[in-house]
Amino acid sequence: MSDQQEYTPPKVWVWDKPNGGQFASINRPVAGATHDKDLPVGEHPLQLYSLATPNGQKVTILLEELLALGRTGAEYDAWAIRIEQGDQFGSGFVEINPNSKIPALRDRSGPTPIRVFESGAILTYLAEKFGAFLPTEPAKRAETLSWLFWQMGSAPYLGGGFGHFYAYAPTKIEYAIDRFAMETKRQYDVLDRRLAETPYLAGDDYTIADIAAWCWYGNVALGRLYGNAAEFLALHEYANVQRWVAAIADRPAVKRGRMVNRVSGELSEQLHERHNASDFDLRTQDKIHVP
């Protein structure tokens, strides 16, 4: 165990100091807007307000997959919400998502705009709206939704647990890293055993369950999240996961979806805003609005 001084919690916790770490400036124990700020609106019925985190990528990948299928109604405007600058606490964003988390969607295709927040809810809403990537046969639908909700319940241990304490916490805490590394490897084993049985999580077909899970477990396995976490967790040992990760990573819509609302990393992989399919071919410094 570490030599850290033991912490004795007070009888009643009080927020009296920053918690440290990469996201300390935006963490707070209360909800609601901190400032007035209207959201921009583009020409398409679907308006997405997001960032290219794993949760944000879920929605942009699905939208690009829908467009690749010819669902022209899935054309969308995607606006970057810079969470490290607190954009998610603007009044316009909070109006769509009172939880102040990306992604958030407004569908203006009907007489009354519909707001949808939480990535799993958005995936389900869009899949049902456009009749793709979510089977309608009861058993297959149940399997898809089961794996989708498995991801929603499991990934916080991967991200907020392992990812935070391994990559972002201001101090390395052996107990916390060991605890969440063990759980993360257990989750990869769950995936690996399932993918030994079927090509995709819900069976033979690629669904929103794969999109949701890939954005977390795939990005970590590819070395795109949490530094050298893939090596630390020995993710090369999960052969079935590696096959699944590579197959999805190679899909053109996945490659496009990963770029949307990306504001860091390689410039060639950034598309800060997306308003038309041609934006992918016009990724110049001016086009992506690099500040």
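Reply: A nonpolar core is a set of buried Ala, Val, Leu, Ile, Met, Phe, Trp, Tyr and Cys residues joined through side-chain atoms within 4.5 Å, where buried means under 20% relative accessible area (1.4 Å probe, protein chains only). The largest one here has 66 residues, and those with the most contacts inside it are Leu126, Phe162, Trp214, Tyr217 and Trp244. Helix 6 (residues 208-221) gives the largest share of this core, 11 residues, while a second, separate core of 10 residues includes Leu51, Trp79, Ile83 and Ile102. This is a predicted model, in which local features need pLDDT of at least 70 and side-chain atom pairs count only at pLDDT 80 or more, whereas totals for chains, interfaces and linings use all residues. Residues are numbered from 1 along each chain as its sequence is written, and side-chain values use heavy atoms, with hydrogens and water left out.

Me: Which residues of strand 1 lie on each side, and are they buried or exposed?

Reply: In a regular strand the side chains alternate between the two faces of the sheet. Helices (H or I, at least four residues) and strands (E, at least two) are DSSP runs, numbered from the N terminus. In strand 1, Leu46, Leu48 and Ser50 on one side and Gln47 and Tyr49 on the other are all buried.

Me: Which residue stands opposite Gln47 in strand 2?

Reply: Strands pair if DSSP finds at least two bridges between them. Strand 1 runs parallel to strand 2 (residues 76-80), joined by five bridges, and Gln47 stands opposite Asp77 there.

Key:
Buried < 20%, exposed > 50% of the residue type's maximum accessible area, 1.4 Å probe, protein only.
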